[in-house]
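Let's take a walk through this structure, one contact at a time. Have the sequence and the 3D view open as you read.

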Amino acid sequence: MNLAWLLLFLPFAASLANQLVLKKTGLAPLVSVASALATFILAVMLLGTQGSAAFHWASIGDFHLDIGLQLDTLSTGMMLVVTGIGLPVHVFSLAYMKDDDGKARYFTGLSLFMFSMTGIVLADNFIMTFIFWELVGFSSYLLIGHWYRKPSAADAAKKAFITNRIGDFGFMIGILMLWGITGQLSFDKMKPGLEAFQCANPTIWVGVLSATVLCIFCGAVGKSAQVPLHVWLPDAMEGPTPVSALIHAATMVAAGVYMLFRVQFTLGCEVFQQLPASDVIAWTGGITALLAALMATQQDDIKRVLAYSTLSQLGYMVMAVGFVAGDAGMFHLFTHAWFKALLFLGSGAVIFACHHQQNIWQMGGLMKTMPLTTLTFAAGCAALIAVPGTSGFFSKELILDAAYQAGSPLFWVGAFVAVLTPFYMTRLFVVAFLGKPRSDHAAHAREVGPLMLVPLAVLALLAISSGYSFLNRFAPALPHHAGEFHFNLVAGVSMAALVIGVVAGWRLYAGKDHDPICIPLLRERFKFDWFYDTILIRYFQDLLASIIHFFDEFLINGLLVGGLSRSAEGFGNLFRRVQSGSLQGYAFVFGLGVILVIYFTVFI
Amino acid sequence: MATLNDYLLVSGLLFAIGLAGVVLRRNIIVVFMCLELMLSAANLTLVAFSRFHPSHGLPDYNGQMLVFFVITVAAAEVAVGLAIIVALFRARQTIHTDDLTSMRG
Amino acid sequence: MPSYLFWLFSAVMLIGGGAVIALRNPVASALAVVTCFVGLAGLFVGLSAFFVGVIQILVYTGAVMVLFIFIIMLLNLQDEAKRAKPMTPILAGLGLVVAFVIQLLGVLARSPDTVAPALDQATLAESASALVNSGSIAASGKIATALNAGRLPDVHLIGRALFTDYNLPLQILGVILLVATVGCVALSKKTNPSD
């Protein structure tokens, strides 16, 4: 267990040291990378261990708060993913952020993020999860806003933070409701409380628990960027690309899914099967997957395509949780983490080589100039579009299978998304890497250095192979027949979808210099941002703001604060009038007092 | 023969006149005189009680002692008070109380 | 004192008092105070307080009121200029006085009335022997002689009380008068700006 505590606090120590001591020295990146390496080694050493340790933190009446770590297959597997992505990203960042002025700040944020993420993964109770949940949001805010002088980055950071707050509010209510139901906050003590609650309230427990789960799901909707709170994730691409790879593709956005699965795991799958909330979760995931994939087909920014693709894949995972096939979702999380981190780092390399040009229509022909990067990117693409034999194929298959078993129409939604995914990835690959260079930057792009290539290569290997049993047994949760392949209807549909998507993408985009199709609705991202900006912010928020302003101005300021001061002032003025300075006035009051004294002493 | 209550009534009326003068008049010297009237009214009460409540068959001279002290202190008070009024008049050129409101808050 | 003298002096006193607040000229007010004090002195004498009556005339009328008039003359005060007098303070003051008078009548109505005890020769001789027996006066002293003769040795009795029982307050009174004198000098002194 000591190793686990070390694993938790090592990144924290690194970030503290970076921020407080090493800011000016240039050692900060090395410290962070060393801490990432050490945590990765620790995570590997902890693989397969079981146990928990907690120390008492605070008591409020009967309410006890512990800070504790829980080690089980789920958390150690997830730790491996987090540190396993974290290490290449740290190494990649060394090269990517080489010339950045805020390098120390960047690595501080990165280490802080690793600390927070470790906290979420290893937490053994909901309060601790929530604390680190917020810390993750905070470090994500720092990293998205790394280039804070750029207004769009600062706005994106704020947007991410605020959007997450909405979800977190629901999450907090959910945690409190769960505490109310079970009387416990620790994961492993919750089950008996829930069973007692079920016995005591045989009629309403389904509804109450559904509401609770939906509230908790709100947290996941925010953190895992599900519709309708998905809007922050594409904007979060304003951050440095390695951050996008680590936080907004592989780990933090997966935290929502991880937490959902943790809840499912804790409360029991059979309970979830009876909850209407599961359907809501599944549909939310399915709709997110569909909408995000549609939006991805019309994006020109390489990172935004990947961001929407991440949304879409997260939708798959959430859908799997909704079908009470959370192990399939976690498996997809496991494989997706590698190949999406790879794709993001690959795009980072491309962007780096093209002097921060992110528009794919300004790239092209990169295969000739950056062959190794292209190769690794292709491997990531293959995994993402679920080419048979790659890791993505196995995991996506399991989710579609779960949808099929559930007999839900979401299976066909998933299948359609499986068409869209190869379509937009083919578009991206064809436009950015094949054909002729469309700008000077693309023409003069050069292969990146080994500090970037090595992480790419490692991740590429993992992207291809992580579905197979020699690697997938490290996954946080593993369905029974992971890594096996049986040809059935689901596999057939999925392969057909792959072929249709790739062929359509190739036919439409090969050799084109500009986008042959233009669907404004998709480009405008289904007008979600427009809706939030104009309707919600202008009307709803302004209305709310004016109400709050009214309260603040009139009730708080006018009545409470101003009222106190005004009443003091009024009394003062009243008594000031008594201080007339008039001799006769004083004499009169004095005489009046004497008469009153006589009256009270003699006549009463 | 006048009874005790007759004396008390007369002294009370004199006190009331003094009080009315203090409250109503605006000339500070007249106000001061009215204060003297009120003191004298109190003196009358003291002497009346001393006469109507004898000790050893004689008037109670403790009451008259008090009157003696009151008169003496009143004389001193008048001296100081008039000196103050003179100083006030030098400073303000008025002894009208409506004009002397620098204590107004 | 016969009743008519009591009412006469009372009337002089009250009319004088009324004139103090009714007259507009401060000098007239001061003279009204003198009138009032003369009536008051008559009442004192009627109460057998001859010494107090005399010093009322000597000190108050003779010294204090002369001082008042002197100051009025010094300040060269004119008649009070006609000012627009607001009615509210006047009515309030009158209300206060009326309330006081009503209370006075109420108090007097419920307090027991007494007549003055006699001060004839028998009573005085009896009190003289009582005083002699208690050892506070000498049997052949002026006080005892006067009492036995049926006279009230008012000044002697007051003097005796003043220099025996009230000696310490008398000394303090002397100090107070000294302080008042010094204070008056300090106040009246023209302050030189260069000091």
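Where chain B meets chain C, 62 residues of chain B and 69 residues of chain C are in contact (two residues count if their C-beta atoms, placed from the backbone, lie within 7 Å). On the chain B side, the elements giving two or more residues are helix H1 (4-24), helix H2 (28-52) and helix H3 (61-92); helices here are DSSP runs of H or I with at least four residues, numbered from the N terminus. H3(B) supplies the largest share, 21 residues. Sorted by class, that side has 46 nonpolar, twelve polar and four charged residues (nonpolar is Ala, Val, Leu, Ile, Met, Phe, Trp, Tyr, Cys and Pro; charged is Asp, Glu, Lys and Arg; the others, Gly among them, are polar).

A quick word on what you're looking at: this is a predicted model, where local features need pLDDT of at least 70 and side-chain atom pairs count only at pLDDT 80 or more, while totals for chains, interfaces and linings use all residues. Residues are numbered from 1 along each chain as its sequence is written, and chains are lettered from A and ligands numbered from 1 in the order in which they are written.

Now for chain A and chain B, which put ten residues each into their contact. In chain A, helix H26 (residues 583-603) gives the most to this side, with five residues. The chain A side splits into three nonpolar, six polar and one charged.

Finally, look inside chain A. The axes of H11(A) (residues 252-267) and H14(A) (residues 302-322) come within 10 Å and cross at roughly 0° (axes are lines fitted to C-alpha atoms, for helices over the stretch in contact, with angles from 0 to 180 degrees between N-to-C directions). The two helices are therefore roughly parallel to each other, a label for angles under 35 degrees. Among the residues making this contact are Phe261(A) of H11(A) and Met317(A) of H14(A).

Methods
Parallel < 35°, antiparallel > 145°, perpendicular 65-115°, else oblique.
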